[in-house]
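Please keep the sequence and the structure in view while reading.

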Amino acid sequence: MHGWEEGNMKYTRYLIYGRPLRPEKLGAIAIPSAIMGIAFVMLFLPQAALVDLVRYFMLRYRIYQRRQKNLNYVKVVLRSLGHPETDEMIKLLIAA
């Protein structure tokens, strides 16, 4: 393994193969911390998922708009050249 690979994976390897948290040493603070952590995840995880879902749909809509704009441009070019707007001609110009 190269040096740069070890440096990039150092903390991931530690989390996977090591024991970063030792439950026996945490004591009484572990239970309230776990409750707060679970509450935090339950509160903010659905909101983050909703934001990601909205961003995904906005991206898909923008991609759809771009395709429609390109399709309309191809149709205008075909009309200006006096060619019929057939699916073959449209696909040919889009592929070019």
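A patch is built from residues with over 30% relative accessible area and no salt bridge, where like charges are joined within 9 Å and nonpolar side chains (Val, Leu, Ile, Met, Phe, Trp, Tyr) within 5 Å. Accessible areas come from the Shrake-Rupley method with a 1.4 Å probe, and for residues only the protein chains shown count as cover. On these terms Leu-50, Leu-53, Val-54, Tyr-56, Phe-57 and Met-58 form a nonpolar surface patch, with about 600 Å² of accessible area together.

The model is predicted, so that local features need pLDDT of at least 70 and side-chain atom pairs count only at pLDDT 80 or more, whereas totals for chains, interfaces and linings use all residues. Residues are numbered from 1 along each chain as its sequence is written, and side-chain values use heavy atoms, with hydrogens and water left out.

The chain has four helices and zero strands, where helices (H or I, at least four residues) and strands (E, at least two) are DSSP runs numbered from the N terminus. In terms of pLDDT, the predictor's confidence in each residue from 0 to 100, the chain averages 82, and 74% of the residues score at least 70. Confidence is lowest in helix H1 (residues 3–17), with a mean of 60, and highest in H3, with 91.

Val-54, a member of the patch, lies in helix H3, which spans residues 30–81. Val-54 is partly exposed at a relative accessible area of 43%, on a scale where buried means under 20%, exposed over 50% and partly exposed in between (1.4 Å probe, protein chains only). Buried residues make up 3% of the 96 residues in the chain, and the chain exposes about 9,000 Å², of which carbon and sulfur atoms supply 66%.

Key. Salt bridge = Lys/Arg side-chain N within 4 Å of Asp/Glu carboxyl O.
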